[in-house]
Amino acid sequence: ERLRILPTGQIGIGDTNPAAQLVVKIPGANGAVQRWNTSNGVGGQLEVDGGYARLALYQAGGNPFVVLSANGNSYLNGGNVGIGTASPSTKLTISGVQELLQLTRGGGSDTKWFFSADSTKLYIAENTSATANVKLIINKNGNVGIGTGIPSTYDGESNNLVVFEGV
């Protein structure tokens with residue numbers, strides 16, 4: 001049986017007992033579900049290829065605009081991305097109680113770097129959270145603290161910091 005429509009209105013393609021409004025099951029490792037506007041090329045495709053899932057959204061003309069791939073490159077071409085916000089104002093806007101960006105090079109033993117900000121400071125911390133094990137702070141007055149949590153003034157003599165101002 002290739003198609004079943006239940007009395008509840010649920011549709012199964014390759015599935016005789018669909019648990020959702022539309023269920024498509026394709027035997028084997030490869031297959032795709034597509035939806036296209038034939039007049040302008042806008043559409044989308046959800047596919048499984050070699051056991052990996054891929055979602056692609058296409059703009060007018062049929063060019064990929066958003067691709068999310070379980071095995072390969074994923075990308076967004078155009079617009080801004082928001083995490084914790086529905087109205088991002090820059091290419092990437094992270095918003096929330098503790099705005100935090102973590103950078104990790106590789107495996108679990110590699111150093112993790114955290115970038116965070118509150119209403120008065122930018123923090124760069126290592127291996128823990130944004131406000132513990134802080135390595136660098138820049139406050140709203142422009143003061144920089146390296147190894148100190150409270151940068152108030154600059155004292156180049158005692159802290160052995162050299163600042164170079166152009167040529």
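A salt bridge here is a side-chain nitrogen of Lys or Arg within 4 Å of a carboxyl oxygen of Asp or Glu. Glu-126 and Lys-135 meet that rule through their side chains, at 3.4 Å from N to O. The model is a predicted one, so local features need pLDDT of at least 70 and side-chain atom pairs count only at pLDDT 80 or more, while totals for chains, interfaces and linings use all residues. Residues are numbered from 1 along each chain as its sequence is written, and side-chain values use heavy atoms, with hydrogens and water left out.

The salt bridges come to 4 by this rule. In the Glu-126 pair, Glu-126 is buried at a relative accessible area of 19%, and Lys-135 is partly exposed at 33% (buried means under 20% relative accessible area, exposed over 50%, partly exposed in between, with a 1.4 Å probe and protein chains only). Another of the bridges joins the side chains of Glu-47 and Arg-54 at 2.9 Å, N to O. Here Glu-47 counts as buried at 15% relative accessibility, and Arg-54 is partly exposed at 25%. Glu-1 and Arg-4 also pair up, at 2.8 Å from N to O; Glu-1 is exposed at 61%, whereas Arg-4 is partly exposed at 31%.

On to the strands, which are DSSP runs (E, at least two residues) numbered from the N terminus. Two of them pair if DSSP finds at least two bridges between them. Three strands make an open sheet of mixed pairing, in the order 1-2-3. Strand 1 and strand 3 sit at the edges with a single partner strand each, so one side of each has no neighbour in the sheet. Strand 1 pairs with strand 2 (residues 11-13) in the antiparallel sense over 3 bridges, and Ile-5 has Ile-11 as its bridge partner in strand 2.

Further along, strand 5 (residues 43-49) runs antiparallel to strand 6, with 7 bridges between them; Gln-45 is partnered there by Ala-56 of strand 6. The hairpin of these two strands has 2 residues between the strands, and Gly-50 in this hairpin takes a positive phi near 65 degrees. Strand 6 is also joined to strand 7 (residues 64-69), again antiparallel, by 5 bridges, and Leu-55 stands opposite Leu-68 in strand 7. That hairpin has 5 residues between its strands, with Gly-61 in the turn at a positive phi of about 95 degrees.

The structure holds 1 aromatic pair: Trp-36 and Tyr-58, tilted, at 4.8 Å centre to centre and 45 degrees between the planes. Rings of Phe, Tyr and Trp (its six-membered ring) pair if their centres lie within 6.5 Å, and planes under 30 degrees apart count as stacked, over 60 as edge-to-face and the rest as tilted. Since Trp-36 lies in strand 4 (residues 31-36) and Tyr-58 in strand 6, the pair ties together parts 22 residues apart in sequence. Trp-36 is partly exposed at 32%, whereas Tyr-58 is buried at 14%.

Finally, the loop between strand 14 (134-139) and strand 15 (144-146) holds Gly-142. Gly-142 is partly exposed, at 48% relative accessibility. Gly-142 and Lys-121 lie 21 residues apart in sequence and 9.3 Å apart in space, C-alpha to C-alpha.

Conventions
Helix = DSSP H or I, 4+ residues; strand = E, 2+ residues; numbered from the N terminus.
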